[in-house]
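Q: Can we go through the charged pairs in this one? Keep it simple, please.

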Amino acid sequence: MARQSFDDNYYLQLFISGSEDAFDAIFKRYYEGLLQFAKVLLPYPTDEAEDIVAEMFCTLWHNRRQIDISTTLSAYLYVSVRNRVFDYYRKRKTIFNLPEEALADTPDAGYQQPDHQLMYKDITSQIQSLVAQLPPQMRLVFKMHRYEGFSYDEIAGLLNISLNSVKTHMFRALKFLKAAYPMLPIC
C-alpha cells in the first residue's frame, strides 16, 4: 500500500482560512514528534511536555491569520515548541529566584492582602464556572489532568479512551477556556 504524502502547504492554507479539519490533520501529523522533541528538551519525565505542545497548538489556532512562515511548517512548529520550552525554563528560574518579600503574597503564605484574596476567589469562581460548561467527557479529562495530576496515558487507561482522544479533549478544553476568559495564562 503506497503511503499518501502530506502536503504541508495545502493544509497550512486551509488551516489559515479557518478549517478545523486541516488543523486536525496538522495536529495528528506533528503532535507525537513535537511531544518527543519537548520531552528531550525537558530534564525529567513530566507532563509539561504535553502541556507545552498543546498550548503551542492552541496559540497556533488563535493566531492562524497572522502566521507568516518563512521556512517549512515542520520547522516552524519545532522552533515554536523549542521557544516554549525555553520560556518554561525562564519562568521557572524567575519563580525560584524571587526575593523572600515577594513570596509573602503567595497563597501558601500565612497572610494575604484582602484585595488579592478577593481577586483570587473571583477568578477561581469564574474558572470553575467555565469548566462546568465543558461537555462531560471533556470536563472529566480536564479535571483529571489539571486538578488531580493524572498523566494523559493514565487518563486514557482509566477512561478506556485513546491517548489521542485525551489530547483532543485537553486541547479543546484549553481552547474553550482561553476564548471564554482571554486573561487566562493556560493557553
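Q: Is E55 buried or exposed?
A: This is a predicted model. In the model, E55 is buried, with a relative accessible area of 17%. The cut-off for buried is under 20%, so E55 qualifies.

Q: What does E55 form a salt bridge with?
A: E55 pairs with R146. Their closest N and O atoms are 3.7 Å apart.

Q: Where do E55 and R146 sit?
A: E55 is in helix α3, and R146 is in helix α7. They are 91 residues apart, so the pair links distant parts of the chain.

Q: And R146, how accessible is it?
A: R146 is partly exposed, at 27% relative accessible area.

Q: New topic. How many salt bridges does a search of the whole structure find?
A: Five.

Q: What does K167 form a salt bridge with?
A: K167 pairs with E32, with the closest N and O atoms 2.4 Å apart. K167 lies in helix α9 and E32 in helix α2, so the pair ties together parts 135 residues apart in sequence.

Q: Is K167 buried or exposed?
A: K167 is buried, at 2% relative accessibility. E32 is partly exposed, at 38%.

Q: Which side chain meets R172 in a salt bridge?
A: That of D24, at 3.7 Å from N to O. R172 is in helix α9 and D24 in helix α2, 148 residues apart.

Q: How accessible is R172?
A: R172 is partly exposed, at 37%. D24 also counts as partly exposed, at 24%.

Methods: Residues numbered from 1 in each chain as written. Predicted model: local features only at pLDDT ≥ 70, side-chain atom pairs only at ≥ 80, totals over all residues. Heavy atoms only, no water. Salt bridge = Lys/Arg side-chain N within 4 Å of Asp/Glu carboxyl O. Helix = DSSP H or I, 4+ residues; strand = E, 2+ residues; numbered from the N terminus. Buried < 20%, exposed > 50% of the residue type's maximum accessible area, 1.4 Å probe, protein only.
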